[in-house]
2 protein chains.
Amino acid sequence: MPVDLTGQSIIGYRRGGKSGAELRGIDPSTGESLSPPYYSASRAELDDAARLAAESFPAYNRLSGKQRGAFLRRIAENIESLGDPLLERSSRESGLPMARMKFERGRTCSQLRFFAEIVEEGSWVDARIDVGDAARQPAPKPDVRSLRRPLGPVAIFCASNFPLAFSVPGGDTVSALASGNPVVVLAHYSHPGSAELAGMAIRNAASESGLPEGVFSLLYDAGQEIAQALVSHPQIKGVGFTGSRRGGTALMKIANARPTPIPFYAEMGSVNPVFILPGALQSRAESIAKGLHGAVTLGVGQFCTNPGVVVTSGDDALFAAQLAQRVSGTPVGVMLNRGIATAYQRGISERAARPNISARAVVAAPTADGASPCGATAALFATDAKTWVADHTLQDEIFGPSTLLVHANTRDEIFEIARQLEGNLTATIHGTDDDLRDYADLISLLETKVGRIIFNGYPTGVEVCHAMVHGGPFPATSDGRSTSVGGRAILRFTRFVCFQDFPQSALPPELQDANSHGIWRLVDGKPMQSKIGSV
Amino acid sequence: MPVDLTGQSIIGYRRGGKSGAELRGIDPSTGESLSPPYYSASRAELDDAARLAAESFPAYNRLSGKQRGAFLRRIAENIESLGDPLLERSSRESGLPMARMKFERGRTCSQLRFFAEIVEEGSWVDARIDVGDAARQPAPKPDVRSLRRPLGPVAIFCASNFPLAFSVPGGDTVSALASGNPVVVLAHYSHPGSAELAGMAIRNAASESGLPEGVFSLLYDAGQEIAQALVSHPQIKGVGFTGSRRGGTALMKIANARPTPIPFYAEMGSVNPVFILPGALQSRAESIAKGLHGAVTLGVGQFCTNPGVVVTSGDDALFAAQLAQRVSGTPVGVMLNRGIATAYQRGISERAARPNISARAVVAAPTADGASPCGATAALFATDAKTWVADHTLQDEIFGPSTLLVHANTRDEIFEIARQLEGNLTATIHGTDDDLRDYADLISLLETKVGRIIFNGYPTGVEVCHAMVHGGPFPATSDGRSTSVGGRAILRFTRFVCFQDFPQSALPPELQDANSHGIWRLVDGKPMQSKIGSV
């Protein structure tokens, strides 16, 4: 299905104008500007998108789970039917290889179908019923029923590093749509064409499903004006963001400063500490070096779960040498855009210049001749626990294929490092059974610092499943109570609403005695799937 | 069990000093200062309380649900064994009659036992398990397991209007303790003696249960310094507050401005709109007038669910007359303290002076001679929809026994009023079956504005049950995603933590295959209570 790119925002079922400031996709491997130009949305277009979203909300949030599931499945089909042109455009705009884009499309579509299953099944609403009792003494017991309901129009900010899976058709959009919220998406400036293709797939799925206009809109912004106006727009009731800490905290301030503050979910930077405990270091140095190198350099290090700190203790000479050798042999990669590549080069240069930090492997940057303007080389640094603990800036993420070995001389130093950690998405422990016993307290401590702890593995894969937690305490995210990946992401853009002493006919179907959807409910405190009484 | 009041803060298992600024309980019906004087905690005492709380956290959060349940039950027993002296002191400090205090003690203790049941049963942690599959292609499926875990030390601010049920041993404290968080409570200046009695009951329950020091502390503050320092304290990981919008939003700003922002739950003011639809007005004017009068004047109007706006349409003359007559006949009540009584008198005086607002019943304030310094008389105002919609300040809560009738001339005006509503805890609809059909859209609209909708009843009772929602969009609360009453309150001070590829022995019991607690879990997306595999 060939699609002509127009460069215009998508405002409900209409298209935006062509008078705003221009931006263009850029091929990071050549620096070439890609056609067509994209046009920033105007404030009026933003207002239209937000108003249409609000107008669509009453009808959209009343759709049954089956109807919303069908919509999500239709989006997946439409994305698949875009075929290779979507992958080619995404690959060109991001520098990510076709194989990766194919994998990412697969993840995006299976994520859509995963949430479709969840809403079709329906129990996610956490329906609770406490049956009334008019005869209770000293006062009658009211009939109290409640469930999760959507917040209203949600603004979604696309991530640079996943042109599909965390962008227009990505996790935040899908979880918001699944739970009944219209979305207004802000495209990432790095991949406007991918955004338009995916955006039209969603827009068409909405119209093909007969949904009211405004369930989905897509805006472009060459600067920050529309981004900021979107977060402060009175019709917007929640925000999902994936990006840098600077961008995330700036928008978080805007969300908090609104006359009516709204839930704001930013997934920001993370250094994803890896602890290699003594037994594991002794028995598996070589395989951990190999696995860790893969995790550090995967996707040119551009994962939010990239391991940026590796803590060792005991004799780590073999491990460090193995890892250094692998890092030195890493081919030059192409980063997502010039800003990211420049920040990475600056980050590793600064780190290399620090006292008490040794550059174990820093591959020379490629020469300008024939090199990609966004080329990046892997880097490995090393320091000791004392230096790391004393300098909080060593916890700052350097987004890209580098990591920092931190050598702890004692068990206490390992714990001191863990105590000093700020909030992270993940922590990883490599250990033997004996290590686990000896370091049980380390797990308890890390639990308070991260959203996910991986044992004898690597943090870079984030499985889309019911139990996944892709979140973590601030500053890993702006709201450590939630996850942006996995089944629980559907809870983010919801709130509880309670109905007291309502007649059956006026209750949402999920709360009626008949339980026509057959969902699991908590009835008088007990989970059950059955109907209530003799209906 | 007689308890000597000392006036000192409770810092873990120790007592605070007597050098801070003094405050005293005051009997609002006489103005008499009560003994002993209470002493503001020092910054050092606050630091001690927070540090002890943080130190107790690893051990406390590892207690089994049965152990935490036993602790909560012990608190209830200790409160009950304080006997009448607790009720007498609470009654004197609050002006609330003994019968009310007895009821409130009952509610407090049954709430403690309700949460004990929830943690003893254990399924509230939302344990989820996606079993790994090493043979999956193209990549092995990791074993992913997750559950809710507590945040860490939580600060609790007591409410003025419930010396027990929303104060030291109240809902916020109990839900935080139930989910595994140590608490540092700030006493309300209006009832320091009640706070000390209840605080010692909790402190003793902790020591009698062998809990680590710091699970509970209680601080006094004659000003705002300790309150503010508590919210910004680095060891504090969450806050629960019940009080005014001004106080709540001020502390919310402090929580957001921390280097590490934390979840902040404030339950603030609310006007709890009541919509009396045409059929109900025609058929039940008298009984609704009676019921509404009871709700408006219950507890001298000092409920957060007090109905402050009543919308009628059609011929409401009989209803308004009936209500006015009842309001006029309301005896003078004693409010909680002088500040609240003064604010109430100022609020109704200002409202009476407004153009386009008629005072249907404003009982003259009692003369100074022999009158209580905190006396309050009920008041009834009336206006039309146009006036109400045009003046947003008419949505401001006047805390006390008054309400405002708003007459809508048309169906559209009713909807316009609903659209203009800001976030509220509750909305109430009185209607016939026909009304409900005709106004189905009104329910949909109110759903977006409030946490609970009551049909043909009154909002003032808040049943403690699994399905209750006592929350609502800003500014009713600072975080409309949560509830401060009912089973779901246990979710507030928690976050999700995920364990990937962990050996069984290192997993929390709730996530082990054996499911030794027999809790309900989501295993590969299906709710089940059974163990996994052949263990």
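This is a predicted model: local features need pLDDT of at least 70, side-chain atom pairs count only at pLDDT 80 or more; totals for chains, interfaces and linings use all residues.

**First stop: helices 2 and 6 of chain A**

Select helix 2 and helix 6 of chain A; the former passes the latter in a right-handed crossing. A crossing is right-handed if the near helix is turned clockwise from the far one by less than a right angle, and left-handed if anticlockwise. On the side of helix 2 of chain A, the contact is made by A:F71, A:R74, A:I75, A:N78 and A:I79. Helix 6 of chain A contributes A:A198, A:A201, A:I202, A:N204, A:A205, A:A206 and A:E208. Two residues are in contact if their C-beta atoms, placed from the backbone, lie within 7 Å. Helices here are DSSP runs of H or I with at least four residues, strands are runs of E with at least two, and both are numbered from the N terminus.

The axes of these two helices come within 8 Å and cross at roughly 135°. That angle makes helix 2 of chain A oblique to helix 6 of chain A. Angles under 35 degrees count as roughly parallel, over 145 as roughly antiparallel, 65 to 115 as roughly perpendicular and the rest as oblique. Each axis is a line fitted to C-alpha atoms, for helices over the stretch in contact, and angles run from 0 to 180 degrees between N-to-C directions.

Residues are numbered from 1 along each chain as its sequence is written, while chains are lettered from A and ligands numbered from 1 in the order in which they are written.

**Second stop: helix 3 of chain A**

Now select residues 84–94 of chain A, which form helix 3. Is this helix mostly covered or mostly uncovered? It is mostly covered, as eight of its 11 residues are buried. A residue is buried if 20 or more other C-beta atoms lie within 10 Å of its own, exposed if 12 or fewer, and partly exposed in between, with C-beta atoms placed from the backbone. The buried residues are A:L86, A:L87, A:R89, A:S90, A:S91, A:R92, A:E93 and A:S94. Their cover includes helix 2 (65–81), helix 4 (98–121) and helix 6 (192–208) of chain A. After helix 3 of chain A comes A:G95, whose phi is positive, near 75°.

The contact is made by A:Q111, A:L112, A:F115, A:I118 and A:V119 of helix 4 of chain A, and by A:G171, A:V174, A:S175 and A:A178 of helix 5 of chain A.

Helix 4 of chain A also holds A:K102. This lysine counts as partly exposed, with 14 C-beta neighbours inside 10 Å. A:K102 lies 9.5 Å from A:E88, C-alpha to C-alpha, and the two are 14 residues apart in sequence.

Select A:P138, in the loop between strand 5 and strand 6 of chain A. Next, find A:D524 in the loop between strand 22 (521–523) and strand 23 (526–528) of chain A. Its phi is near 50°, a positive value in a residue other than glycine.

**Fifth stop: where the chains meet**

Show both chains: 55 residues of chain A are in contact with 54 residues of chain B. The largest share of the side of chain A that touches chain B, six residues, comes from strand 21 of chain A. Of the interface residues of chain A, 98% are also interface residues in chain B, so the copies meet through the same surface.

A rotation of 180° with 0.0 Å of shift along its axis superposes chain A on chain B (RMSD 0.0 Å). The two copies are thus related as by a two-fold rotation axis. Copies are superposed by least squares on the C-alpha atoms of residues with pLDDT of at least 70 in both. Which residue of chain A comes closest to the rotation axis? It is A:N256, at 3.8 Å (C-alpha).
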